[in-house]
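The sequence and structure are shown below for reference.

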Amino acid sequence: MRLFERHFLLVLVALYLAAFALWPLGQLFAEALAPNKDGVLFGTFFDQWESRSAIRALSHTLEASFLSTLVSVVIGAVAATLLVLTDMRWKGAIVFMLLLPLLIPSQIMALAWIELTGPTSPILAPLGLAPEPGTTNPLYSKWGIVVVMGVEHAALVFLTVRAALSSLPMDIVEAARLAGAKPLRIVTRILMPLAFPSVLSGAALAFVASIGNFGVPALLGIPGRYTMLTTLIYQRLQGFGPQVLGQVAALAVILTLIAAAGLLLRSLIARRFGAAIERSSSPLVPFPLGRTRLPIEGAFLAFLAVIAILPLFALVGTSLLPALGVPLSLETLTLENYRFVLFGYEAAQRAFINSFALALSAAMISAAVALPLAYLSVIERRPLARLLDLFADAPYAIPGTVLAIAIIVVFLPPLPGLGVSLYNTGWIILVAYLARFLALVLRPTVAAMKSLDPGMDEAARAAGAGMLTRLKSVLAPLLAPTLAAGGLLIFMQAFNELTVSALLWSSGWETLGVMVFFLHREGNTTAAAALATLALIAALGLAGIAALFARRLPSGVVPWRG
């Protein structure tokens, strides 16, 4: 019995990861690298590599991602420098505004920007600053994508640079002062060069996030005829159906190669430029800004309010309009759009129920899998479990579009032995969520498991408790806060997810992200704004709940808790 129990959990965990992650990703590459209809080896891949539409989409993807990364670096690096190295006040409010675009789903952030900058903007129109009625929203362009993605991913650079600057010791500054250096020279010639590898590392993260982004290119790029790889994959699947799986699989592999190059660059930067710094001295003391403090604080807060708060006000304002183009006033203000999406539109009601059920299921199942996998990897140190622990990150590291294509490749045909296809059902979305979000609960669980005293497990083992009993009665209660917080992070991301759902949803299985996207595309912008506002409230509420768990988690698990 003990031998059976010892291997049973490992086999179950291995089957879980094999079915939901390894098999789909392996099949994706097999499909993409298969011979083409002429029998040419790797012909499917090279046919796409040489097609004009793929080359144009690849060029747009690299161009927009590179430019948006520059925007992210400027905002993120300047913000981290001001917050860590100066005595600027209201740092909590500034950090919240910086991280806000990252906490909100990209399609909702893109919709908020559209409402802010369009001819019917409830914020700019009363000020006479909106584009002329009837003109195209200027955000429907390359530069619109660059700005919105740059703002959204600036938090990734900020978090990376802030961590690096915060770890610098005060001894460096004191030594420079003894040599006669002024504060500005210390910052620009000593501290920033030391933090430069973290700027490059954050830039690599922002670049990888940009090439996998679907929400922003879908809402801004499709109307602006600026097609990126993620939107090209979506358009081909929508236009031609599953018969183009080989083509979109090849495009997905191209996307994966770019993402892998970005992550490899980040790893090389960490190894090449990583320098050993003495960290035993006291931390940095911020430099006083003196008389310039108030103007700098005011200017920076105003800038952040424009890029993070105003778009959300515009979104809420649009949701309160009876129709697009009607000026917002006390006389015109209405809650009809909220009534419509909550009680008058069956598909939106289904989307709430589907998103809640799928997100809750993904969170609970992933937490249930993370506990034994972390135990087998950390406490038992099984080689296979440690290998599976590494592979579990892959579906989260690759772009969501790639994972969705991989899931379609495997679960579109009838399952072997069962003869049932999961395509056009909600199960295929759940499978994708289970593969994609496992890492969000596994990483903190592994970290928490490493901090536990192994003597507790050994004592329970000496008392005759089997593995299942030890997991249930000893480890699960100790790790319950970590598992709950990780599950909450999964729920928060899955509840408003769009990238994966956009390729996997079917009639009757709409999700909130998909409904916001389609209401906007159908021209019902006020209803889309109302639904997005409700999703926004849910996202911020869940972020607040996750923050409550942050104090009991390893540093960095909840990003907006420093």
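In what follows, Ala, Val, Leu, Ile, Met, Phe, Trp, Tyr, Cys and Pro count as nonpolar, Asp, Glu, Lys and Arg count as charged, and the others, Gly among them, count as polar. The model under discussion is predicted.

**The cavity**

The structure holds 1 cavity of 30 Å³ or more. About 40 Å³ of space lies in the largest cavity. Its lining consists of I75, M97, L98, P101, V151, A154, A155, L304, I307 and A308. Helix 4 (91–103), helix 6 (142–166) and helix 12 (293–319) are the elements that give two or more residues to this lining. By class, the lining of the largest cavity divides into 10 nonpolar, no polar and no charged residues.

**Helix 3 and its two partners**

I75, named above in the cavity lining, also belongs to the contact between helix 3 and helix 4. The axes of these two helices come within 11 Å and cross at roughly 165 degrees. Angles over 145 degrees count as roughly antiparallel, and helix 3 and helix 4 are therefore roughly antiparallel to each other. Helix 3 passes helix 4 in a left-handed crossing. On the side of helix 3 the contact is made by I75, A79 and L83, and on the side of helix 4 by K91, I94, V95 and L98. These residues comprise 6 nonpolar, no polar and 1 charged. L98 of helix 4 takes part in this contact and is listed in the lining of the largest cavity as well.

Helix 3 (residues 52–85) also packs against helix 8 (residues 183–211), where the axes come within 8 Å and cross at roughly 140 degrees. Helix 3 and helix 8 are therefore oblique to each other. Their crossing is right-handed. From helix 3, the residues T61, L62, S65, F66, S68, T69, S72, V73, T81 and L85 take part; they meet V187, L191, M192, V199, A203, A206, F207, S210 and I211 of helix 8. This contact divides into 12 nonpolar, 7 polar and no charged residues.

**Helix 14 and helix 18**

A further pair is formed by helix 14 (residues 346–379) and helix 18 (residues 426–451), whose axes come within 6 Å and cross at roughly 40 degrees. That angle makes helix 14 oblique to helix 18. The crossing is right-handed. In this contact there are 21 nonpolar, 4 polar and 1 charged residues.

| Helix pair | Axes come within | Crossing angle |
|---|---|---|
| Helix 3 and helix 8 | 8 Å | roughly 140 degrees |
| Helix 14 and helix 18 | 6 Å | roughly 40 degrees |
| Helix 3 and helix 4 | 11 Å | roughly 165 degrees |

**The second largest pocket**

The second largest pocket has a volume of about 510 Å³. Its lining is formed by 30 residues, of which E115, G118, P119, T120 and L324 lie nearest the centre of the pocket. Helix 5 (106–117), helix 9 (215–221) and helix 22 (512–521) each supply at least two residues of this lining. Helix 22 provides the largest share, 3 residues. By class, the lining of the second largest pocket has 17 nonpolar, 11 polar and 2 charged residues, whereas the lining of the largest cavity has no polar and no charged residues.

How values were computed
Residues numbered from 1 in each chain as written. Predicted model: local features only at pLDDT ≥ 70, side-chain atom pairs only at ≥ 80, totals over all residues. Heavy atoms only, no water. Axes fitted to C-alpha atoms, helices over the stretch in contact; angles between N-to-C directions. Helix = DSSP H or I, 4+ residues; strand = E, 2+ residues; numbered from the N terminus. Parallel < 35°, antiparallel > 145°, perpendicular 65-115°, else oblique. Left-handed = near helix turned anticlockwise from the far one by under 90°. Contact = heavy atoms within 4.5 Å. 1 Å grid on protein atoms, 1.4 Å probe; cavity = no way out; pocket = protein on both sides within 12 Å on 5 of 7 lines; lining within 4 Å. Points joined across faces, edges and corners; volume = space filled by probe spheres on them.
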